[in-house]
Amino acid sequence: MVTVAVRVLRAAVLPLALIGLTALAGVVLGRVYAGGLLTWLVVGAAAGSVLVSVAARRLPSWLVAPVSVAAMAGWTLWSLRLAATRAELPGDLLEVTADAARNGIPRLLTAMIPVEPTPDTVLVPVVAAWLAGLTGAEVALRTGRVLLGYLPAAGLYAAALYVVGPNAEPALGSTLAFVAVAALGLATPTRTAAGGGDPTAELTPRVRAAVRLRLATSAALGVALVVGLVALLGPVVAQQVDGRPVDPRRYVEPPQVQTLDENPLIRISGWALHPEQKLLDVSTQRLDAPPADAPPEADPAADTARSVRIRLAVLSDYDGVTWRVGATYRNAGRILPAATAARDSTVRTVRQQISVAELSGRLLPAVATPREVSGARVAYDPASGTLIRPEGLTPGLRYTVTSAEERPDQNLLASANVPAGDEVARVLRVADGVPDPMRRLATQLAEENGAPYARASAIEQFLAEHYRVVADAPSGHAYPNLGFFLFGPRNGGGQEGTSEQFAAAFAVLGRLSGLPTRVVVGFRTSGQGPVLAGDAYAWPEVLFDGLGWVAFDPLPRPNDEPRPVEEDFRPTPEDPPPSEAPAPTAEPSASPEPATAADAPPGSDGVSTPVLVAGGSGGLLLVVGALLLTLLAMRRSLTRSRLVRGDPGQRIAGAWREVIDALRLAGRPVGDDLAATEVAGHARRILADARAATIGDDTTANSDAVASTGGTAAADASSPAVDELAALLNQVGFAPGAATPEQAARAAEVATAYVATLRSARPWWRRLLWSVHPTPLRRARRSPR
């Protein structure tokens with residue numbers, strides 16, 4: 001009995017080892033799946049394939065494969081039905097199986113991590129595990145070549161590691177277990193013959209010795225080969241331990257949106273012309289609605305407390321011509337990845353049942369931000385929180401979506417800041433070619449409102465008070481379209497548009513004012529009943545620290561008559577050149593009748609005309625001189641207060657403002673939206689241009705030529721120093737309190753040298769007016785910082 005038990009145990013070791021090696025591939029792959037369903041399905045496939053081979057050992061080898069494939073088909077169909085039931089996917093088993101066989105590999109490599117076990121994401125692992133187990137069992141058990149029988153399981157394990165890539169922690173434990181199980185299978189002796197015993201027992205002693213010598217030599221050569229490979233490949237493998245694995249998903253193109261969906265903003269005007277077109281049917285349920293006596297939370301973009309905004313697309317990229325979605329959609333299951341809610345926002349759960357009527361495209365409408373979708377296969381973009389249906393929308397499609405709706409704390413908006421840096425550079429980017437009036441309008445609104453929320457509210461109010469909504473406005477949101485919308489003549493079609501122009505203009509003006517903005521296209525509805533084309537509209541959103549994306553509504557209120565734009569903004573330069581300033585004109589008047597001598601009082605001694613002219617001229621000169629001296633004193637006081645007073649950070653900022661004022665006095669002002677390094681480059685170019693103009697002026701007197709030579713030398717010295725001043729300003733902005741008095745003194749020295757160099761390159765009459773020009777005083781009063 002003991003001998004039989006030992007034989008059975010020995011016979012079971014190798015099949016169990018093959019099952020374990022194949023199942024470990026499922027363990028490794030299951031780390032990127034949601035839940036443990038895939039791992040158990042792969043373990044079942046590994047066990048089933050090996051056990052079928054063990055049970056059919058006495059059958060001919062050509063018959064084992066068909067039997068095992070039939071068993072694999074049954075296990076695979078059961079696995080697909082179980083995965084479809086867990087994922088709540090519609091359709092019968094035949095439809096589900098056909099779709100999984102057609103799209104299994106691409107969906108596995110484009111699915112979002114963690115991957116939900118659905119029919120198309122479990123089909124390939126289950127079939128691969130079964131085939132690996134079948135091949136390994138036939139080679140190892142039927143022919144006795146154990147090491148060769150390990151190759152299918154090892155290949156499956158390597159493939160699982162490759163598919164996982166950098167999306168999970170290193171599988172050190174699973175790899176060590178794989179090696180241990182493989183070693184256990186190799187250490188157990190196998191018998192390929194029924195009789196067993198020594199196969200060389202019946203040979204003559206000389207032949208037996210030769211066979212044993214050949215076997216020993218082969219074993220020694222094998223060991224030497226393994227040791228050599230380890231010595232050769234060991235360092236290479238060791239270097240890859242800490243390396244980042246390659247992600248195969250980067251070689252596979254995820255689901256894409258159609259051209260119509262890449263810019264759904266252009267569909268607003270078409271929907272506005274057919275407002276009665278039925279697009280959707282919606283039923284909304286708020287699962288955690290606030291108590292009836294609770295005060296409603298205000299929403300800057302909501303008309304009423306009951307309004308529901310169903311989001312269709314989020315557009316974050318603008319190139320000056322078109323707003324685009326620019327999203328990367330990944331195939332997702334029923335449960336979507338949970339995004340972190342904003343710190344100071346309230347989250348409510350909203351569930352909607354939506355039926356598609358005449359809405360076309362691939363974009364799938366849902367309340368922001370979706371967390372669970374059933375009834376439709378979707379792809380999801382976590383960055384924007386939007387959905388698409390890769391197969392496209394069809395009439396009659398019904399799905400249920402559960403969303404986490406965020407509402408910001410309105411009490412914190414007034415003091416909230418906006419983020420900055422590379423993470424939000426995409427939603428701060430302003431394309432080249434901004435019309436100058438639009439840039440000046442953004443500057444005016446930003447100067448009058450310091451806080452970010454105040455700037456956003458000012459833009460919202462300006463658009464709502466000065467423009468009109470019309471349904472038949474032409475589509476378009478490129479710079480020329482927005483310029484005509486903002487500043488075009490009202491009697492010629494300007495200053496009116498659809499929500500497309502309102503939202504796009506807000507987003508561009510916001511970015512020019514330093515606000516991270518984006519445009520959202522969706523529907524505004526009560527949440528119950530049909531959603532018509534007239535309910536479609538676009539709205540802008542602004543990103544605030546701790547509050548997330550906050551929606552704004554720049555559309556005018558019903559029955560409000562817009563005010564003329566010219567009442568609050570005139571698209572003319574702030575300081576026109578002297579040649580463009582209109583010359584004063586005198587109105588013609590009737591000549592007075594000359595007084596006769598008889599009209600003069602008797603005995604009066606009149607003052608002569610030359611005396612009157614001389615007295616008036618002298619008084620005027622005194623007034624002008626006093627005014628110039630006052631301006632000179634105020635300018636010097638301003639410069640001294642900027643460069644000498646305050647802490648080092650304030651003095652560095654003051655030195656920078658001296659450079660900015662010098663550029664404005666030179667007739668080359670810079671925009672407020674430029675970074676310090678960009679302004680420094682602008683300042684270098686201006687100085688180089690002034691130097692070239694001074695050197696090339698053949699009519700300049702000798703004294704001016706000497707001054708120009710000195711200015712050139714100073715330009716060479718001070719141009720790089722402007723970059724140093726920009727670096728000091730950035731240090732003050734990003735590390736307040738870190739500036740030293742020495743750095744402040746250096747900033748004052750750089751600013752003084754640059755201003756003197758730039759002034760010396762100007763014509764003589766402009767140099768005289770430089771020190772008394774009132775522009776720096778006026779700008780200092782507007783911006784006391």
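**Entry 1. A lysine–aspartate pair**

I began with Lys278, which is partly exposed at a relative accessible area of 32%. The model is a predicted one, and I read every entry below with that in mind. The side chain of Lys278 forms a salt bridge with that of Asp281, at 2.6 Å from N to O. I then looked up Asp281 and found it partly exposed as well, with 25% relative accessibility.

**Entry 2. A pair within one helix**

I next examined Arg142 and Glu138, whose side chains join in a salt bridge of 2.9 Å, N to O. Both belong to helix α5 (residues 119-142), and because they are 4 residues apart there, about one helical turn separates them. I checked the cover of each partner. Glu138 has a relative accessible area of 17% and is therefore buried, the limit being under 20%. Arg142, at 31%, is partly exposed.

**Entry 3. The salt-bridge network**

I searched the whole structure for salt bridges and recorded 24. Among them is the one between Asp99 and Arg107, with the closest N and O atoms 2.5 Å apart. Both Asp99 and Arg107 are buried.

I then asked which residues Trp271 is in contact with, leaving aside its neighbours within four places in sequence. I listed Gln277, Leu279, Leu312, Leu359, Phe523, Ala533, Gly534 and Ala536.

**Entry 4. The surface**

I looked for nonpolar side chains on the surface and noted a patch formed by Trp764, Trp765, Leu768 and Leu769, with about 480 Å² of accessible area together. Leu769 sits in helix α21 (residues 764-770) and is partly exposed, at a relative accessible area of 45%. For the chain, I recorded an accessible surface of about 41100 Å², with 61% belonging to carbon and sulfur atoms.

**Entry 5. The chain overall**

The chain has 785 residues, of which 42% are buried. I counted 22 helices and 17 strands. Of the contacts with a separation of 6 or more, 79% join residues 24 or more positions apart.

Definitions and conventions: Residues numbered from 1 in each chain as written. Predicted model: local features only at pLDDT ≥ 70, side-chain atom pairs only at ≥ 80, totals over all residues. Heavy atoms only, no water. Contact = heavy atoms within 4.5 Å. Helix = DSSP H or I, 4+ residues; strand = E, 2+ residues; numbered from the N terminus. Buried < 20%, exposed > 50% of the residue type's maximum accessible area, 1.4 Å probe, protein only. Areas by Shrake-Rupley, 256 points an atom, 1.4 Å probe, with all protein chains shown as cover. Patch = residues over 30% accessible without salt bridge, like charges linked within 9 Å, V, L, I, M, F, W, Y side chains within 5 Å. Salt bridge = Lys/Arg side-chain N within 4 Å of Asp/Glu carboxyl O.
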